[in-house]
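Subject: Structure handover

Hello,

Here is the structure I promised you. Please open it alongside this message, and my notes follow below.

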Amino acid sequence: AGLRRVAESAGWWWPYERLAIVTRRPVELHLDDMGRLHRGDGPALAYADGFALHAWHGMPVPAGFGATLGDLTPERIRNEPNAELRRVMLEHFGFDRYLAESGARPVHSDETGVLWRIELPGDEPLVMVEVVNSTPEPDGTRRTYFLRVPPWVQRARQGVAWTFGTTEEDYHPRRET
């Protein structure tokens, strides 16, 4: 009965040779689909005593950070000194929207798509290939996607090939779906 009562109220625990550290269960626990701490509008992990952790897809963020994500602008993202927080902001804002609103210019285009590049202060450049899905939606339209690629990519076809784990020279799809 004692062990059952402990199991009902205990959270994480660490057993050692002569002692065990046992914590209470958190009052809040929010995870993303990969099991990482994640919440945009409050703490991802909180305890009754007030201790809390804020996280975005497993990355610790300052308290209140999630509440500011709705007011993002390209300038605010560009001026964020912390590269990890800037990446979270970009993810939330949308890479395609950031490219459109930040004045990014295409650097290359071919039959596979359009390669976009924009410099980010203190971080690697944001390089993406804009591609159009070859399979139409039920209403006949075709969706546009943005694929993030490494900053060394120079051409759209090279970037698309990289997403398939191959070289530009070896990328020859027979059929696209």
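This is a predicted model: local features need pLDDT of at least 70, side-chain atom pairs count only at pLDDT 80 or more; totals for chains, interfaces and linings use all residues.

Start with arginine 148 and glutamate 124. They form a salt bridge, with the closest N and O atoms 4.0 Å apart. Arginine 148 sits in strand S11 (residues 144-149). Glutamate 124 sits in the loop between S9 and strand S10 (126-132). The pair therefore ties together parts that are 24 residues apart in sequence. Arginine 148 is partly exposed, at 27% relative accessible area. Glutamate 124 is partly exposed as well, at 37%.

**Other salt bridges**

The search of the whole structure gave 12 salt bridges.

Glutamate 111 pairs with arginine 157, at 2.9 Å from N to O. Glutamate 111 belongs to the loop between strand S8 (105-110) and strand S9 (113-118). Arginine 157 belongs to helix H5 (residues 156-163). Parts that are 46 residues apart in sequence are therefore tied together by this pair. Arginine 157 counts as buried, at 16%.

Aspartate 32 pairs with arginine 36, and their closest N and O atoms are 2.8 Å apart. Aspartate 32 is buried, at 10% relative accessibility. Arginine 36 is partly exposed, at 33%.

As background, side chains of opposite charge can pair when their charged atoms come close.

**Helix H3 and arginine 86**

Helix H3 covers residues 83-93. Which of its residues are buried? They are Leu85, Arg86, Val88, Met89, Leu90 and Phe93. These buried residues pack against strand S6 (55-56), strand S7 (59-60), helix H2 (74-79), helix H4 (95-101) and S10.

At its start, a side-chain oxygen of asparagine 82 comes within 2.9 Å of the backbone nitrogen of glutamate 84. After H3 comes glycine 94, with a positive phi near 105 degrees.

Arginine 86 counts as buried, because its relative accessibility is 1% and the cut-off is under 20%. Leaving out residues up to four places away in sequence, arginine 86 touches Ile77, Arg78, Glu80, Pro81, Leu120, Pro121, Gly122 and Asp123.

**Isoleucine 77**

One of those contacts is isoleucine 77. Isoleucine 77 lies in helix H2. This residue is buried, at 0% relative accessible area. With neighbours within four places in sequence set aside, isoleucine 77 contacts Leu72, Arg86, Met89, Leu90, Phe93 and Tyr98. Isoleucine 77 and leucine 120 are 43 residues apart in sequence. In space they are 9.0 Å apart, C-alpha to C-alpha.

**Helix H5**

Now go back to H5, the helix that holds arginine 157. Six of its eight residues are buried, so H5 is largely enclosed by the rest of the structure. The buried ones are Ala156, Arg157, Gln158, Gly159, Val160 and Ala161. They pack against S8, S9, S10 and S11. Glycine 165 follows H5, and its phi is positive, near 70 degrees.

**The largest pocket**

The volume of the largest pocket is about 370 Å³. There are 16 lining residues, and those closest to the centre are Val131, Val160, Phe164, Tyr171 and Glu176. Which elements each supply at least two residues of the lining? S10, S11 and H5 do. By type, the lining has eight nonpolar, five polar and three charged residues.

**Where to look**

For a quick tour, begin at the pair of arginine 148 and glutamate 124. Then go to isoleucine 77 in H2. Finish at H5, which contributes to the lining of the largest pocket.

Best wishes

Terms used:
Residues are numbered from 1 along each chain as its sequence is written. Side-chain values use heavy atoms; hydrogens and water are left out. A salt bridge is a side-chain nitrogen of Lys or Arg within 4 Å of a carboxyl oxygen of Asp or Glu. Buried means under 20% relative accessible area, exposed over 50%, partly exposed in between (1.4 Å probe, protein chains only). Helices (H or I, at least four residues) and strands (E, at least two) are DSSP runs, numbered from the N terminus. On a 1 Å grid over the protein atoms alone, a cavity is a set of points where a 1.4 Å probe fits but cannot get out, and a pocket is an open set with protein on both sides within 12 Å along at least five of seven lines; lining residues have an atom within 4 Å of a point. Grid points are joined across faces, edges and corners, and a volume is the space filled by probe spheres set on the points. Ala, Val, Leu, Ile, Met, Phe, Trp, Tyr, Cys and Pro count as nonpolar, Asp, Glu, Lys and Arg as charged, and the others, Gly among them, as polar. Contact means heavy atoms within 4.5 Å. A polar contact is a pair of N or O atoms within 3.5 Å; within protein, one must be able to donate a hydrogen and the other to accept it, and residues adjacent in sequence count only if both atoms are side-chain atoms.
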